[in-house]
Amino acid sequence: MLMTPVKVDVSPRGHRVHRSIKGLPGSQGVYQDDRPIMLSPALLICALSFSSVVRGKAPTPPKSDFVGTCKHIAATISNASEIFFPPSPEYTIDNTHVFLSSDAASACSVEPGSAQDISAILRIIGSTRTPFAVKSGGHATNPGFSSTKGVQISMARFRDITVNATANIVELGPALTWDEVYTALEPTGVNVIGGRIPGVGVGGLLLGGGYSFRSSQFGLGVDNILGLEVVLPNGTITTVTSEDEDLWFALRGGMNNFGIVTKFILKSHPQGQIWAGTLIYGPDQLGAFEQAFVKVTQSNDTKAAVACALSYTSGAVAPAIFIFYDAPTPPAGLFDDFLAIPAVSNDVSTRTYADFVLSFGNPAPSLRGYYSGAPLAQFTPAILNAIVNQTVFWGNKLTPLDKNVTVGATLEPFNSGIFSHGSDSAFPPDRSHALFPNVLGFVWSNASLDDTMARGLREYTDAIGAAALAEGQNVSHAAPYINYALFDTPVELLYGENLPRLRAIKKEIDPKNVMGLAGGFKV
C-alpha cells in the first residue's frame, strides 16, 4: 500500500554513501557527526545528578584475530555500509552505552546500511565464530548484552520512519530513539506504543516487551507489532507476521535470539495533547505521598499512568511521581492528592507527548549502573514501607564507598488488564494476570565496585520479593520485565513455560547457534 514518508532530523551518519575504514593506518575520512550521544537513565531515579562529561577517546580494543573478521567484512559489504576502527569518533559512538559499565572495546564497529549487508555480516560472523553484539539505542545496562570484544554491529543507519495514518501503520528503523519517533510523529496526529524516556532505542525496547505510558489502553509494544523485517541467523531476509506462527511468537519478547530486526511495522493510534508532568517532593512528604500512590494504583482509568520514583538522599527517601493522562485534562479528583502535597518542583501541564518524554533530559554517559526488575502484583502500604526501608539500608551502606552512588526504585503500576491486549508471545510468559514491572537501580563511578553493586542489587531485589511473598502476593515465579532484569537472571524465570517452545524454535532456525555468539539472555 502507498506509504507517506515522514522526514526525521537524523545525523548525517545515516546518509553516507561512501565506504572507508576509519582508524586504520593510511585511511582517511571526515567525522560527520560531532554531537555527543546523550542517553538518559532518567525515570529510574528522579534525583539522579547527571554529568555532562563526555569521553574524549575510544576504548582500546584487545589484540585478537577478530580484526581479521573485521577486514573480511570490510571487503564484503556494499557502499551503503561502513566499518570503523579506533581511534575514529564513529567507533567510539558505536561502542558507547548509557552506562560506562555496559561498554566494551570491540575489535571494530560496523554500520550496515542495508539488510543485505547484515546478511553478509552474519554469514561471515557465523563462519568465523566471531563474538558480536547488536546495538540500536545503547540503553542496555547489562555488560555484554549489546557490547562485545568482537564485532560491534551498530544499527545507526536504520533510522527511517514511514507513516500511513489512514491504515494506522507506522514503520520504524530499530536505531531510532523513542523521543525521535514521537517528535517526528507529532504533526501526523498519530503515535505508537513505545518507550518513556529519551535515548531508549526502538529495537531493544520492542524485542524485550515494551512498556508505555499508554500500555493500560493498548498493551505492550509487542502487542502493537504488525510485522518485522528480520535477517535470520543463516542470512535469510524475511518479513515475519502473525501468519508465521513460531517466529511471530519468538521475536515478540525473544530479544536477540532469533536474528537481527531491520524494520518494525507497528499499529498506530490517534494522539492529541496530554496532561502530564513530574512532581518532586522532599523526604518530609513521604507519608502523604505513599497514601496518594496506593490510592491512585486502584484507579481503573486506562488513560491514566503514573510512575513513582523513590530516591535515597542523606539517610532518607525523597519521592517523586510522573503523572500522565491521555487527554488535555484529567477527570476531577484523579490526581488531586498528589497536587495537594507541597512539591519542590511541579511541571505538570497540558502538553504534547514528545514534550513530556523530552522533559526527562538526555545526559551524557559518564557513570556506571545496573538495573534489576522487581515485579509485584499490587502496591500496599506494607510493600511500600519495605521498599523504602531497603532503599535507605542500601543507600546508607553504599554511599560511603563512592561519592557518586545513587540508590533508588521506580514503581510502575498499570491497569489489571494490561496483558489482555495481545496474543501469546515470548514475553510476557503468563498473560493470565497483571504484573507491574518496577525497577531497582544502583549508579556509581568506581569500576572496582562493580561486583559489590551487583551483589547488593540482587539482595535488594530478593528482599522486595520476600516482602511481597510475606503479604501473600503470588510472585515466587513472577517473570521480571526482560529489559529491567539483571544480567544473571535465569532465563527459566524470564520465560517460564514458554522456554521449551522458544528453545525448539531457536534450534530449528539457528542450528549453528550463530546468535549464541552475541551476549544477552540466551534461550
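**Exercises on a predicted model**

Histidine 139 sits in the loop that runs between strand E5 (132-135) and strand E6 (151-154). The structure is a predicted model.

**Exercise 1.** Decide whether histidine 139 is buried or exposed, and state how far it lies from glycine 199 in sequence and in space.

*Solution.*
- Step 1: The relative accessibility of histidine 139 is 15%.
- Step 2: Buried means under 20%, so histidine 139 counts as buried.
- Step 3: Along the sequence, histidine 139 and glycine 199 are 60 residues apart. Their C-alpha atoms are 7.0 Å apart in space.

**Exercise 2.** Locate aspartate 326, classify its burial and find the polar contact of its side chain with the side chain of arginine 214.

*Solution.*
- Step 1: Aspartate 326 belongs to the loop between strand E16 (316-325) and helix H9 (336-340).
- Step 2: Aspartate 326 counts as buried because its relative accessibility is 11%.
- Step 3: The polar contact between the side chains of aspartate 326 and arginine 214 has a distance of 2.9 Å.
- Step 4: Leaving out residues up to four places away in sequence, aspartate 326 touches Arg214, Gln217, Gln271, Gln273, Ile274 and Lys303.

**Exercise 3.** Describe the largest nonpolar core and the surroundings of tryptophan 178.

*Solution.*
- Step 1: The largest nonpolar core has 131 residues, and Trp178, Phe293 and Phe338 touch the most other members.
- Step 2: Strand E15 (residues 304-313) supplies the largest share of this core, eight residues.
- Step 3: Beyond its neighbours within four places in sequence, tryptophan 178 has contacts that include Leu172, Val192, Val202, Leu206 and Leu266.
- Step 4: A second, separate core holds 27 residues, among them Cys108, Ile124, Phe132 and Ile260.

How values were computed
Residues numbered from 1 in each chain as written. Predicted model: local features only at pLDDT ≥ 70, side-chain atom pairs only at ≥ 80, totals over all residues. Heavy atoms only, no water. Core = buried A, V, L, I, M, F, W, Y, C linked by side-chain atoms within 4.5 Å. Buried < 20%, exposed > 50% of the residue type's maximum accessible area, 1.4 Å probe, protein only. Helix = DSSP H or I, 4+ residues; strand = E, 2+ residues; numbered from the N terminus. Contact = heavy atoms within 4.5 Å. Polar contact = N/O pair within 3.5 Å; in protein donor to acceptor, adjacent residues only side chain to side chain.
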